[in-house]
Every structure is written in structure tokens, then in C-alpha cells.
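Here is a short briefing to read alongside the coordinates.

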Amino acid sequence: MRGRAEFDAFYDATSRRVLHQMYAMTGNLADARECTQEAYGRAWRRWSAVSQTASPEAWVRTTAWLAAAGRWRPTTWRVRRREEPEPGSSQSDLIAVLRQLPAAQRRVVVLRYLAGLDVDEIALETGTPVGTVEARLAGAKAALAPVIADDTVPAGGRRE
Amino acid sequence: MNSRLDDALSRRLAGLDADLAGVALPGAAAARRRAAQRTRHQVTGGVLAGVAVIAAGVLAIGDPELTATPEPAPPATDAETPTTVPTTPTDEPTTPPADPSPDPSQVSSPDTGTDDGDTDGGGGDSRLDVPPGALLDLADVTGDSGADWAEAPPGDSWLPCVPPVPSAAKAASFAVGNSRFDHIVEPTEPGTAADRLAALRAQVTACADGGGDYDLIQVWELSGVGDEAYLLVWSGPPTTQETTTYVTASLARSGGYVSAVFRGGEGQDYNGVPGPDDAVRAIERLCGAIGTDCPVTPEQNRLYPEPEGDLEGWLTIDDLAEIGLTDITEGGEVSDNTDEYGWTDYGHVGLPRDPLADGAESLEHRNYADPMEPGGSALDQLRARFPDADTARAHYEALVTAADGFTQPGDVIENTGAVSGDGYEGMTWRAESEYGVFVYGALLRGDTVTVVLHSIASHSDGQPYDVPPEQMRRLLDLAGQRLGG
């Protein structure tokens with residue numbers, strides 16, 4: 001079994017990143033924090049197995065996603081709509097659009113553009129055919145394009 | 001444009017990090033405490049009869065090293081053995097085999113084997129030598145963990161139940177923080193490697209199952225690695241108020257050699273599945289050193305805790321397979337914890353009725369999953385037992401009414417039909433939302449209400465599947481039949 005020191009090092013190295021990704025996936029900081037911490041707790045319970053997977057971070061991210069989806073313990077993660085803006089968010093427009101996306105689209109767009117996975121890796125992590133991943137990415141990008149249109153101005157332009 | 005859009009999207013998503021500036025995660029220690037609390041309340045304990053049989057067999061061996069072990073395992077009691085119904089009559093026994101039970105007179109003590117003379121009649125010491133390069137090295141231990149492992153003086157491990165290094169053996173040891181790794185390769189006399197492995201395994205088992213601070217957690221047979229291999233997990237001293245020491249042993253033999261890897265350290269919990277990597281690496285290294293090809297295609301079969309099997313009154317693995325849930329291979333132990341770490345209600349927002357508040361005397365839970373796939377496909381069944389049939393019926397009818405009437409924004413909930421049979425009646429639902437699909441049902445039989453829950457995800461091979469209403473009704477129907485015994 002891998003020991004506590006290794007788990008702690010893994011936690012320290014990855015937890016902020018997973019929290020960031022879960023925030024983008026859920027659009028809610030409190031939810032992201034809760035399901036991220038829950039996922040690391042589950043990872044520790046199964047650390048000997050999780051530590052030997054190809055990507056323990058992917059395992060934690062998937063588990064956190066499932067926690068958010070209410071799959072693991074539905075009673076502790078009641079699905080709710082999140083229509084209120086995230087207090088203090090500097091990216092409220094982005095958060096608002098992300099919340100409007102279907103959850104599956106939100107997940108793949110975060111995995112692609114924040115976690116940096118390619119389409120094949122997303123397909124593997126989400127258990128979804130490549131074509132479906134591509135379709136979801138296209139749908140998400142179409143919905144997000146108006147919000148980030150200003151950011152596409154080349155360097156030296158209005159916002160960059 | 002598309003590339004610019006991609007770049008901009010990446011930048012904007014990365015910019016969400018600014019919102020996390022004041023957000024602190026509770027930390028790794030809090031995650032471990034959270035896990036420990038969950039497990040402490042999930043594990044009901046109890047030593048299965050099969051393991052105690054092993055311990056008894058071990059004690060008959062009389063290995064001198066056993067004198068260093070803690071008290072022997074207590075004898076098994078019938079009361080600790082759950083009522084199990086074999087899945088199939090032809091199942092192989094899963095009791096951890098003490099066999100080949102070495103005859104005490106035939107098992108050479110690790111340190112005295114060379115005194116026994118020549119077993120092949122050739123005269124002199126016929127024991128092999130450990131070839132150079134047979135031991136794992138620092139890079140093997142460190143792997144991609146990122147931990148700062150360092151070499152340590154070989155042998156004399158502080159990990160509980162790790163035996164001394166026999167005189168003819170070679171060993172390598174490593175340490176980091178409160179963790180330690182020991183690898184021992186021991187040559188045996190011709191024809192005795194199997195017996196030596198059995199003796200070593202028995203010795204470790206007897207110690208790890210010794211009671212007190214010692215607790216044997218899991219034993220796995222590992223086929224396809226060398227000639228024979230096992231994984232054992234246990235906990236033991238040193239312990240603190242919050243932690244204990246967990247050890248995983250990878251014991252294997254190949255040709256005339258026995259390889260033993262012990263990896264362990266301080267921890268708060270263990271509820272995972274030991275991996276084969278250490279055993280595979282050790283056998284690969286050993287076989288490379290002696291110049292032979294060895295199998296390294298591991299397949300794990302759990303010996304202890306003995307799989308619960310099918311339990312009377314609960315859905316069976318065959319029931320689940322009948323409706324296509326073939327990824328689910330094992331039902332767990334039944335838990336009746338109803339505190340904050342147990343199940344205090346039916347566990348789904350679409351079944352908004354509290355059985356305990358409605359008078360249930362107990363709420364039992366059983367989870368079905370594949371132990372080799374943590375986080376994989378799973379199903380939950382609960383049974384609420386009421387003091388009488390009338391109270392159970394009142395609760396069931398209120399539950400069905402509440403479930404039929406439940407709604408929340410974004411969810412599409414459908415009543416997918418009723419089931420009935422001799423002495424039982426039930427109802428099924430399907431809830432779809434952006435997060436996925438849940439299928440669930442509730443059934444009344446006598447003084448008991450049982451609930452079945454499943455979240456549809458994908459098979460382990462990534463292929464999608466569904467549990468359509470007729471299949472869910474069939475599953476609930478089977479639950480009603482099982483409930484009747």
C-alpha cells in the first residue's frame with residue numbers, strides 16, 4: 001500500500017487543480033469544494049488501488065464529478081439548479097453560460113480546455129464515444145462563443 | 001478563428017482560478033479523516049471461519065519465527081459466519097487455502113535449511129544462490145509517486161509481521177517518512193519452493209490475524225505472476241490514537257526462489273484493493289536475473305474476506321446480470337448503520353419519505369459493485385423493517401404517493417409501472433436530469449419495504465447501456481421474490 005506521505009503529496013499537487021476544474025464544471029464554488037474533498041476522501045479509502053491507476057488525478061476528477069452528479073450517494077448531493085450568480089466571481093458571464101450548458105457539455109469543455117485532455121482522452125475518461133465527445137464540444141463552443149468573442153481579438157486588441 | 005476561440009476559451013476557463021483565491025480546501029489530513037469516519041461505520045468486522053482455519057494450520061507448523069508473532073488467532077465461531085447461499089453449486093471454494101498444508105516435518109526452517117543436507121542425493125548444499133540484480137531498486141520503489149524514497153539498511157523491518165531475512169536470502173529496503181519497503185529474495189532447496197512460500201504465507205497470516213492491534217484485512221490469490229503469488233494486507237503496530245500501520249505483502253515464487261515484497265506505513269484507513277505491481281515487478285526482476293521467462297499477466301481472486309455470496313432475502317448477482325448489469329460482480333456485507341455515516345433514508349431525492357420516522361425498526365443497506373472497479377457501476381438495495389405489516393403498508397403507500405408527486409426543476413420523473421406477485425407489490429420510477437438517469441423502485445412485502453436504486457452510467461468498457469422500465473420492473477419483481485425467501 002502507498003502510504004500517507006504519498007497521498008499527501010498527491011493531494012497537495014493536484015487538489016487545487018481539481019477544485020478549479022470542478023468549479024468550472026459545477027459553476028458553484030461551495031459545490032466544487034465539497035465534491036472535491038469528498039473525492040479525495042474516497043481516493044484515500046482506496047489509495048492502494050487508486051495510486052496504481054494510470055492517472056489518479058483522473059480518478060479523483062471522475063469521482064468528484066460523480067459526486068456532483070449524485071451518483072454515489074444521491075441523498076448527500078441533491079441535484080439543484082444554480083441560477084444565482086457566484087458571489088464575487090470575476091467571470092460571472094462565463095459562469096452564467098456554463099450553467100446553462102448541459103452537464104455533459106460542461107464536463108467535456110472543461111476537460112478539453114482546462115484540463116488539457118485531447119478528445120481520445122476525454123472519451124476514455126467519460127466513457128463516451130469519440131464522436132459524442134466531439135459533438136458535445138462543438139455544442140459547448142457554440143454556446144460559449146458569444147461570451148468569449150471579445151477574447152478572440154488578437155494580442156494588442158481590445159482585451160488582450 | 002477556431003484556434004483563437006479555443007485559446008480564448010482556455011484563457012477564460014483558466015481565469016476562473018481568480019475566484020478560488022480565497023477558497024481553502026480542508027487539506028489531505030481532513031480527507032483522510034473523512035474517509036476513516038466513513039469506513040469505521042461501514043465495517044462490521046468479524047473474522048470468517050476460513051481464515052481462522054488457516055491460522056490454526058499455521059500454528060501447527062511450528063516455524064521458529066512464529067515465536068515472534070502475537071497471540072494466535074482465536075478459533076472461529078459459527079456466529080461470525082454469515083448465512084450465505086452459493087451463487088452456483090459448482091463454485092470453487094473461496095476459503096483461503098492453507099494448502100498445500102505443509103507437513104511440519106517437511107518444512108525447513110528458513111535459517112536451517114542448509115543443515116538438512118542434500119534432498120536430491122547429490123551431497124553438499126544444493127540451495128541456489130540469489131543472482132545479482134534480483135532485487136528491486138530505488139527507481140522501482142519510487143516509480144512516479146514523486147515521494148522521496150531512500151535506501152535503508154536491509155532487513156530488520158519495523159513493519160508489523162515482516163519476518164527476518166533468512167541467512168541465505170538477499171534483501172533490499174527503502175524508506176520515506178513513515179513508510180517502508182522491503183524486498184526479500186530467498187533461494188530454496190530443490191523442490192521446496194512451494195512449501196517455503198506456503199510456510200511464509202502462513203507465518204505472515206498467523207501474525208497479521210493475531211488479534212489485538214493486528215488485523216488481517218485482505219488476502220488475494222494472484223494468478224499469472226511467476227509460479228504462484230499472493231497479496232496480503234494487514235494492519236498492526238505501531239499505532240496511535242488516529243493511525244495504525246498498514247502493510248501490503250506481495251509473496252511469490254518462481255523456479256527455486258521465493259520473493260517477498262512488504263510495503264507499508266502509517267495510515268488512518270484501508271479500504272482499497274491491493275495492486276499487483278510490486279509482485280509483477282519483483283518477478284520480472286527475479287526472472288530477468290536468473291534468465292528465465294516468467295508469466296506476468298496478473299489476475300486477482302479474493303480469498304479473504306470471503307465474498308459474501310448471495311444472501312437470503314436480498315437480490316443476487318444473477319438477478320442483476322439478468323437485467324444486464326453484468327459489470328456488478330459482488331454484493332457487499334449488509335450494514336444497518338443509521339447514523340450520519342450510514343443510510344438514514346432511502347438515499348435518493350425522488351424517494352422523499354423517511355422510513356425511520358415512519359416507524360421502521362431497522363434500515364439495512366447492501367451495495368453491489370465490482371471490487372476491482374472502485375467507483376464503477378453499482379446498485380444499492382435497502383430494506384426497512386417495520387413492527388408490523390400495517391405500519392409497513394402505511395409507509396409504503398405514503399412513499400409511493402410522495403415519489404409520484406416529487407418534482408424539481410430540471411428533472412423528468414416518470415412512474416414506470418407497478419409489479420405484484422404472491423405476497424408483494426411494488427412500484428418503479430425513472431428520473432432523468434442533466435446529471436444522468438436514475439432508476440429506482442420500492443416494494444412492500446409483509447412488514448418490510450425494500451428499495452432498489454441504480455444510476456445508469458456506462459459499462460466498464462465504455463459502452464452505454466440502459467435499464468428500460470420492463471427490466472427495472474423485472475428487477476423489483478425479483479427483489480420481491482427474494483424477500484419472500
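A residue is called buried when its relative accessible area is under 20%, exposed when over 50%, and partly exposed in between (1.4 Å probe, protein chains only). By that scale Asp156(B) is exposed, with a relative accessible area of 76%, whereas Cys35(A) is buried at 1%.

This is a predicted model: local features need pLDDT of at least 70 and side-chain atom pairs count only at pLDDT 80 or more, while totals for chains, interfaces and linings use all residues. Residues are numbered from 1 along each chain as its sequence is written, chains are lettered from A and ligands numbered from 1 in the order in which they are written, and side-chain values use heavy atoms, with hydrogens and water left out.

**Chain B overall**
- Chain B holds 9 helices and 15 strands; helices (H or I, at least four residues) and strands (E, at least two) are DSSP runs, numbered from the N terminus.
- Of the 485 residues in chain B, 50% are buried.
- Among contacts in chain B with a separation of 6 or more, 65% come from residues 24 or more positions apart; contact means heavy atoms within 4.5 Å.

**Disulfides**
- Cys161(B) and Cys207(B) form a disulfide with their sulfur atoms 2.0 Å apart. This pair links distant parts of the chain, 46 residues apart: Cys161(B) sits in the loop between β1 (150-152) and β2 (170-176) of chain B, and Cys207(B) in helix α5 (residues 193-208) of chain B.
- The torsion about the S-S bond of Cys161(B) and Cys207(B) is about -75°, so this disulfide is left-handed.
- Cys287(B) and Cys294(B) form a disulfide with sulfur atoms 1.8 Å apart, and with -95° about the S-S bond their link is left-handed.
- Cys287(B) and Cys294(B) are both buried.
- With the bonded cysteines of chain B numbered in sequence order, the pairing reads 1-2, 3-4.

**Backbone details worth a look**
- Cys161(B) has a positive phi of about 70° although it is not a glycine, and it counts as buried at 14% relative accessibility.
- Asp156(B), in the loop between β1 and β2 of chain B, has a phi near 50°, a positive value in a residue other than glycine.
- Pro237(B) and Pro238(B) are joined by a cis peptide bond with omega about 5°; Pro238(B) lies in the loop between β5 (228-236) and β6 (244-254) of chain B.
- Tyr304(B) and Pro305(B) are also joined by a cis peptide bond, with omega about -5°; Pro305(B) is in the loop between β8 (296-304) and α7 (317-322) of chain B.

**Around Leu483(B)**
- Leu483(B) is found in helix α9 (residues 469-483) of chain B and is buried, with a relative accessible area of 16%.
- Not counting residues up to four places away in sequence, Leu483(B) touches Gly313(B), Arg383(B), Leu443(B), Arg445(B), Thr448(B) and Thr450(B).
- Leu483(B) and Tyr424(B) are 59 residues apart in sequence and 9.0 Å apart in space, C-alpha to C-alpha.

Notes:
A disulfide is a pair of cysteine sulfur atoms within 2.5 Å.
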